[in-house]
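Subject: Structure for your review

Dear colleague,

Please find below the structure that I am handing over to you. My findings follow directly after it.

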Amino acid sequence: QVQLVESGGGGVQPGGSLTLSCAASGSIRSINSMGWYRQAPGNQRELVATITSVGSTNYADSVKGRFTISRDNAKNTVYLQMNSLKPEDTAVYYCNVRRVVFATSYDYWGQGTQVTVSS
């Protein structure tokens with residue numbers, strides 16, 4: 001099992017910045033990727049950004065150029081720096097960790113942290 005503890009959500013005005021953190025513990029061997037997803041009311045959960053163990057990143061088109069994902073492998077922590085925030089970024093943000101063991105993928109999710117962008 002993998003335990004995930006998220007922090008850093010909150011309220012911010014449009015154009016502002018926030019940084020989310022997610023620390024993983026437990027069965028952290030064989031972690032392939034870490035990332036962030038979000039879910040706004042009435043919408044499905046969607047990918048925001050992911051980063052692999054070797055640092056390859058993937059971003060949703062809606063956040064490219066504004067959000068940056070990074071990872072500290074020594075601390076088993078993934079970060080999401082969010083700049084130029086827009087009201088449409090308002091959502092619950094979930095940390096995700098994917099382990100690959102003998103070619104089988106296992107997904108673990110954080111409890112979610114609310115991000116609200118409003119004037």
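In this predicted model, four strands make up an open sheet, arranged in the order β1-β3-β8-β7 with antiparallel pairing. The edge positions belong to β1 and β7; each has a single partner strand, so one side of each is left without a neighbour in the sheet. On average, and with direction ignored, neighbouring strands of this sheet are turned by 15° against each other. Within the sheet, β7 and β8 run antiparallel and are joined by six bridges. Arg71 has Val78 of β8 as its bridge partner.

Two hairpins may also be of interest to you. Strands β4 and β5 run antiparallel, with six bridges between them, and Arg38 stands opposite Glu46 in β5. Six residues lie between the strands of this hairpin, where Gly42 takes a positive phi near 80°. Strand β5 is also joined to β6 (residues 57-59), again in antiparallel fashion, by three bridges; here Ile51 has Thr57 as its bridge partner. The hairpin of β5 and β6 has four residues between the strands, and Gly55 takes a positive phi near 95°.

As for Leu80, its contacts beyond the neighbours within four places in sequence include Leu18, Leu20, Trp36, Val48, Phe67, Ile69 and Tyr93. In general, nonpolar side chains tend to be buried together in soluble globular proteins.

As to the protein chain as a whole, it has 11 strands and zero helices. Buried residues account for 40% of its 119 residues. The radius of gyration of the protein chain is 14 Å, which agrees with the value near 14 Å for a compact globule of 119 residues. The C-alpha trace spans about 45 × 25 × 25 Å along its principal axes. Of the contacts between residues at least 6 apart in sequence, 53% join residues at least 24 apart. The accessible surface of the protein chain amounts to about 6,300 Å², with 46% of this belonging to carbon and sulfur atoms.

Yours sincerely

How values were computed. Residues numbered from 1 in each chain as written. Predicted model: local features only at pLDDT ≥ 70, side-chain atom pairs only at ≥ 80, totals over all residues. Heavy atoms only, no water. Contact = heavy atoms within 4.5 Å. Pairing = 2+ DSSP bridges. Axes fitted to C-alpha atoms, helices over the stretch in contact; angles between N-to-C directions. Rg over C-alpha atoms; globule rule 2.2 N^0.38 Å. Buried < 20%, exposed > 50% of the residue type's maximum accessible area, 1.4 Å probe, protein only. Areas by Shrake-Rupley, 256 points an atom, 1.4 Å probe, with all protein chains shown as cover.
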